[in-house]
Structures are given as C-alpha cells and as structure tokens.
Amino acid sequence: MPSSSIILVSKCTVVPEQNSMIETLKLSVSDIPMLSCQYIQKGVLFFNSPTYSMNDLINSLKQSLSVGLVHFPALAGRLTTDADGHVHITCNDAGVDFIHAKAKHLAVRGILPPDRDVPDCFKEFFAFDRTVSYSGHFKPLLAVQVTELADGVFIGCTVNHAVTDGTSFWHFFNTFAEICKGAKKITKSPDLSRDTVFNSPAVLRFAEGGPKATFSGEEPLRERIFHFSREAIQKLKLRANNRSVATKTISPNCNGFSDPSEILGKQSNDSWKTVNNGYGFNRTAEISSFQSLCAQLWRSVTRARKIEESKTTTFRMAVNCRHRVEPKMDSHYFGNAIQSIPTYAPAGELLSRDLGWCADLLHKNVVAHDNAKVRLGVADWEREPRLFPLGNPDGASITMGSSPRFPMYNNDFGWGRPVAVRSGKANKFDGKISAFPGREGNGTVDLEVVLAPETMAGLENDTEFMEYVSEVVV
C-alpha cells in the first residue's frame, strides 16, 4: 500500500468575497440529529492540469471559494445555541479553512489499484478527522484541502453534516468548480428558506461539551470500491423483477432499460414511477435497478457474516424528502432534507428467498415513504428528540448512504472531469456503504463498501455478488 504521509505546505482562512445578507439559519428536525455525525468528507482526484501551475491553481481555488461562499453564506458561519436550546447557523463570515498539502511520492494510478482495498492515503487528504458536527460551534463548518501528487491533485471537501446533506454538499462542490472554471453566473442558487415541514419548535438538549459519535470507529475495517456496469445492473434488475411479473401493475412510463436515470431508480434512493389505477396513485410496479443492487448486497453481506438464521438483519437507506412532501420543497433547498428508512428481514429468510423477494421489501418501503410518512417521522422526532444512531451495534446492519444520482463527476475545475471520487475516514464502520456514480456514467454505479476484514473476505468469495462486479482501468 502507498505510504500515507503528507507534507503541510500552508493553511489559511478564506472568507466570502462579500458580507452575508443573512444573519441566521435555524437547524431543522433533519439537521439536528446529525450533530453527532462526523463531518462529511468527499473529494475528487484529477491528473495535473496541462495549463495551470500549482501556484496558479491554489490561488484560483482560493478566489473561487471566496466567491462561492457568497452564494453559500452558511458554510462560512458557525453554529450557535440560543437561550431556549435552539441551534442556529450564524452567518457571520468567520470563514473556512483552506489547506495546501503535498504527497509527491504518490501517483494517480498508484492510488487507484484495481481489485484491491482503497489505500489509507485518502484518509489524509481531508481536514477535521473524526470531528463531530456539534464542533461547528467552535470550528469552521467547511474545509477544503488541496493535495499535490506526483502527477495529479486531490481536492477534498469536508463539511459539517448538520449543515448539509449529500444533495447540498454536491450542489456546493459543483458550484465551487463552476466558478473556478470561469462561470460569471452560477447555474442554480441554493434555497436558504426555512419554511418547511422540517422546521420545528422542538429542542434536543445536550450535555456540556456536546454529543459524541454513536459508533466507536476503532474496530479493524477494510474498504473497497466495487464497480457495476450498466449491463450488470440491468441483469440484476431483470432477476429481481422476474419473480412476480404477473402480480405487478406495469406503468406505461416503464421502458425497459433505455433510460439511464431509470436504471438508477433513485435520487438518494428514490423510485417514483407510479400509475393511477382509478383509486389514486398506486406504488410503482417495477423494482428499480438500484434497489436490485442493494438487495444483492444485503444478501451477500449477510451470507458473509454467517449470521444465525433467526437473527433480524437491517438495511437502512437515506431518502431525499425534498420532492416527497406536499408542498414540494425546492430541489436545491440548502440543508438536510433526509430521513432514514430501515428494512428488516431474518437472516435465514433473506438467504432462503430469491433476490426479487428481498428487493421488493426495499422497494415497498421506499415507495411508501410519501408526504404522510415524512410528516409522521417529523412528529415522532418532535415527541422524542434524538440523535441519528449511526453504526452497527448488533453486527447485522447495513447503512446505505450517498447516491449514484449525485453529480460527483460534474466537478470540472477547468481542466477536465475527475478521474475518481473518494472519501475520508469519517462516519465509517462495519456495514457502511456509499453509492457513487461510475465515472463513465450511463447508469454505472460504484459501491464504496466498508466491512469487517473477515466479512469482506467472505464477500470477495461470494460468487453471486462478484459475478456482477467489473474492473475499472484508469
């Protein structure tokens, strides 16, 4: 494995180019539970620019970040708690961290080994290691680290998870890149309103010093990227849907596999192709390709864990609620607008049934999460305010995060698209999965899989899973 040692070149504070016109933004029912989650750490890897010198690139990134913070003023602020216990983002233009580092002993292709674990060096390409989001009371809410490699550069973005979900994170990252590339006007401004179903008078009280992470983070782990081609995902979807075609209502919008967006079947695990049966809207007929992929992963990881047949297993998915509520929220609402959907099944039944049965469990749960379910979730949290229980305490859980619909490869800073997307060590535990789009697009998916070493070894030997995995060559 490549050495992970890096050299710090410089660190500074970048402030917005203009003062914020917004004073505060109150954290919502969807934001507050994330205060015990660690900062989001995601970044993009590039080959060197043929035109920029590194000095020019660093200066351009700093300037673009300063401009970008004008559009996203919350990221340059700090968290504050008022006398009533409500937590707010104070948009005080305190600024964000910008770090320049070097790892010139590392080459792009050397840190993207096929069929091997993700090198530890990526964990050093991000700031705020193991920092919980409550720390935004006294730390910046955003840090950008630019790490020089022998023939490339990694731009790592670390953002407070109580301030953004994945949708808002990538909206900011894309805008940052768009400005650096030379855009005079950004494509889409964030919606900073707080008049949504998630706005609530409920208060979650914290002990002095704030919450800790809900998982240890000390257990040995392995991490791999598994790539799934469009064709492999089509095969999985066909398997999942063939089990009970005769009992399903087929939507007139369903068109096989001709639409790449349908192959993914989600945006943050969404599936919204529905038909009107004369009595209102019925659930979508088809199990999506992403649900099929998740079902296969659930089965194979459960098999690799050698769990007792009677033990209940859990597959937890985060869903984007922006379009699920009525009235619909702006698609670029800035903040967290997610809820977690757990699906349960005994290990024995999960493995004795076919893929379609498992996929249909996930499918029904996702499609049923409508406006009423979202509002029930809000009301439940208001009755019992609590932190999000990230982790795998029973050894039988999988947590799916991120989304292959996020525009990760749209981060062109002026010299081309990224070669790869990678994350840091934040919020990782046995059973944490993140879904990324494949670099080639067109419905391909990369799964970042984090498992206990013995479970990962079992997954690598699971022929039902590995037959769908293909190699990516940079």
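Mentor: Start with Thr-158: its side chain reaches the backbone oxygen of Ala-127 at 3.5 Å. That is a polar contact, meaning a pair of N or O atoms within 3.5 Å, where within protein one must be able to donate a hydrogen and the other to accept it, and residues adjacent in sequence count only if both atoms are side-chain atoms. Bear in mind that this is a predicted model, where local features need pLDDT of at least 70 and side-chain atom pairs count only at pLDDT 80 or more, while totals for chains, interfaces and linings use all residues. Residues are numbered from 1 along each chain as its sequence is written, and side-chain values use heavy atoms, with hydrogens and water left out.

Trainee: Where is Thr-158 placed, and is it buried or exposed?

Mentor: Thr-158 is in strand 8, residues 152-159; strands (E, at least two residues) and helices (H or I, at least four) are DSSP runs numbered from the N terminus. Thr-158 counts as buried because its relative accessibility is 0%. The cut-offs are under 20% relative accessible area for buried and over 50% for exposed, with partly exposed in between, using a 1.4 Å probe and protein chains only.

Trainee: What does Thr-158 touch?

Mentor: Not counting residues up to four places away in sequence, Thr-158 touches Tyr-39, Ile-40, Gln-41, Phe-126, Ala-127, Phe-128, Leu-141, Leu-142 and Ala-143. Contact here means heavy atoms within 4.5 Å.

Trainee: Changing topic: how many aromatic pairs does the structure hold?

Mentor: There are 22 aromatic pairs. Rings of Phe, Tyr and Trp (its six-membered ring) pair if their centres lie within 6.5 Å; planes under 30 degrees apart count as stacked, over 60 as edge-to-face and the rest as tilted. Phe-122 and Phe-154 are edge-to-face, because their planes are at 65 degrees, with the ring centres 5.6 Å apart.

Trainee: Which parts of the chain does that pair link?

Mentor: Distant ones: Phe-122 is in the loop between strand 6 (96-103) and strand 7 (142-149), Phe-154 is in strand 8, and the two are 32 residues apart. Phe-122 is buried at 1% relative accessibility, and Phe-154 is buried at 0%. Phe-169 and Trp-170 also form an edge-to-face pair, 5.1 Å centre to centre with 75 degrees between the planes. Both Phe-169 and Trp-170 are buried.

Trainee: Which residues do ring pairs link into a cluster?

Mentor: The cluster consists of Phe-46, Tyr-52, Phe-72, Phe-169, Trp-170, Phe-172, Phe-173, Phe-176, Phe-334, Phe-413 and Trp-415.

Trainee: What lines the largest pocket?

Mentor: The lining has 49 residues, and Met-34, Ile-338, Gln-339, Ser-340 and Phe-388 lie nearest the centre. Elements giving two or more residues to that lining include strand 3 (40-47), helix 2 (166-180) and strand 13 (338-346). By class, the pocket lining has 22 nonpolar, 18 polar and 9 charged residues. Ala, Val, Leu, Ile, Met, Phe, Trp, Tyr, Cys and Pro count as nonpolar, Asp, Glu, Lys and Arg as charged, and the others, Gly among them, as polar.

Trainee: And how many cavities of 30 Å³ or more?

Mentor: The count is 1. The largest cavity has a volume of about 50 Å³, and its lining has 7 nonpolar, 2 polar and no charged residues.

Note on methods:
1 Å grid on protein atoms, 1.4 Å probe; cavity = no way out; pocket = protein on both sides within 12 Å on 5 of 7 lines; lining within 4 Å. Points joined across faces, edges and corners; volume = space filled by probe spheres on them.
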